[in-house]
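Please keep the sequence and the structure in view while reading.

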Amino acid sequence: MRIYLDHNATTPPAPAVVDQIARVSRDFWGNASSVHHFGQQAKAVVDDARAQVAELLGAAAAEIVFTAGGTEADNAALRGAAEALEPTGRRHLITTAIEHEAVLNTVRALAKRGWRVTILPVDRSGVVSVDAVVEALSDDTALVSVMHANNEIGTLQPIAAIADAAHAKGALVHTDAVQTAGKIPLDVRRLGVDLLSLSAHKFYGPKGVGALWVKRGVRLAPFLTGGRQERSRRAGTENVPAIAGLGTAASLTRQSMASEAPRLEALRDHLEEGIIAAVPGAERNGAAQPRVPNTTNISVERVEAESLLIGLDLEGVAVSSGSACSSGTLEPSHVLKAMGLPHARTLGSIRFSLGASNTTAEIDHVIAVLPALVEKLRNLAPTLRR
Ligand code: PLP
């Protein structure tokens, strides 16, 4: 039995998504910029997908810019806004210490080019305070970028209040919604932001495709220059099959979310409570609420997360330790570090992220195998102490 509990790293593409990618690759291979029949067929596919993504966000189709994934959408938002606003004299960016590397390293790159950068701390539960944002804002703040949900702990940030505060100072607001799109209802108007990133492979779509929502009227410098695709914001012949796959995934998750979110939340809570009850020294990291319904992050005392991850893999259970995007290194998670957790606790943290295929029987199996595995690892490395 193989149990996949790493859906925040990536999700298996839905069968309808795979079918759509195959169908579009075969039947609609024209260049969407061509005027003839073949081009117009491909353009219609892209237009349909744009409408489907817009519907997921409560946005207008014309506000959607397709990208090559979440990382590119984040880069486009930050670099595009910075370049567009530079002539106005605004040279300050605000973000948080728990952002994905796609935001953090982009902000650091802009800092090297002379941008003043404020990286806000978070509290022990993984939440940034609105007051801290208000305090950091100044007349030269160009952009505030705060993620909607964190990929490691799932905690949701108070985006609407942050957006209000930033707008009062004339700054733009971006949110990385890669971990909320397709998981919880999103409405860009209610969030109040100007820019929002999403990535298809986090909600049963293909990898290497995503979108940046750009509110109508927001000035953003083109992030790939060349042809006139994507209203000249992102040049290059469109990856029509991938875009179609993203559209199908957006449409499927929008329809299934109302029943799937509470189902996953109940399963996740069952897993979290089961592990904490069965494994001595297991604790949840981050706030219980508000949180995306599929994620829990648990530290296990006197165990190294990497060993636990390998042990679980041998039992057929796939999880991750720290951020999947940076696994392969034994660096403690920058998110848990920013929350002020003790070093040992950060090294013993495992992320379980649930998804469509998971069942109660699978969760019961994980709860059943974990205590003995932890016990075995503690006996193998009895010197590991807090
Ligand atoms: N932002 C967040 C919060 C993520 O979790 C990820 C992926 O792990 C990304 C951005 C990057 O998205 P992509 O893998 O599509 O480049």
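In which loop does S232 lie? S232 lies in the loop between β8 (210-214) and α8; helices (H or I, at least four residues) and strands (E, at least two) are DSSP runs, numbered from the N terminus.

The model is predicted: local features need pLDDT of at least 70, and side-chain atom pairs count only at pLDDT 80 or more, while totals for chains, interfaces and linings use all residues. Residues are numbered from 1 along each chain as its sequence is written, and side-chain values use heavy atoms, with hydrogens and water left out.

**Backbone angles**

- Most residues other than glycine have a negative phi, and most peptide bonds are trans.
- S232 has a positive phi, near 65°, and is partly exposed at 32% relative accessibility (buried means under 20% relative accessible area, exposed over 50%, partly exposed in between, with a 1.4 Å probe and protein chains only).
- R302, in the loop between β10 and α9 (305-314), also has a positive phi, near 60°, and is partly exposed with a relative accessible area of 27%.
- The peptide bond from Q289 to P290 is cis, with omega near -5°; P290 is located in the loop between β9 and β10.

**Helices α1 and α8**

- The axes of α1 (residues 15-27) and α8 (residues 240-278) come within 8 Å and cross at roughly 150°; axes are lines fitted to C-alpha atoms, for helices over the stretch in contact, and angles run from 0 to 180 degrees between N-to-C directions.
- α1 is therefore roughly antiparallel to α8 (angles under 35 degrees count as roughly parallel, over 145 as roughly antiparallel, 65 to 115 as roughly perpendicular and the rest as oblique).

- An open sheet is formed by 3 strands in the order β9-β10-β12, with antiparallel pairing; two strands pair if DSSP finds at least two bridges between them.
- β9 (282-284) and β12 (349-353) are at the edges with a single partner strand each, so one side of each has no neighbour in the sheet.
- β9 is joined to β10 (residues 295-300) by 3 bridges, and E283 has S299 in β10 as its bridge partner.

**Residue V292**

- V292, in the loop between β9 and β10, is buried with a relative accessible area of 1%.
- Beyond its neighbours within four places in sequence, V292 is in contact with residues including A149, L156 and R268.

Definitions and conventions
Contact means heavy atoms within 4.5 Å.
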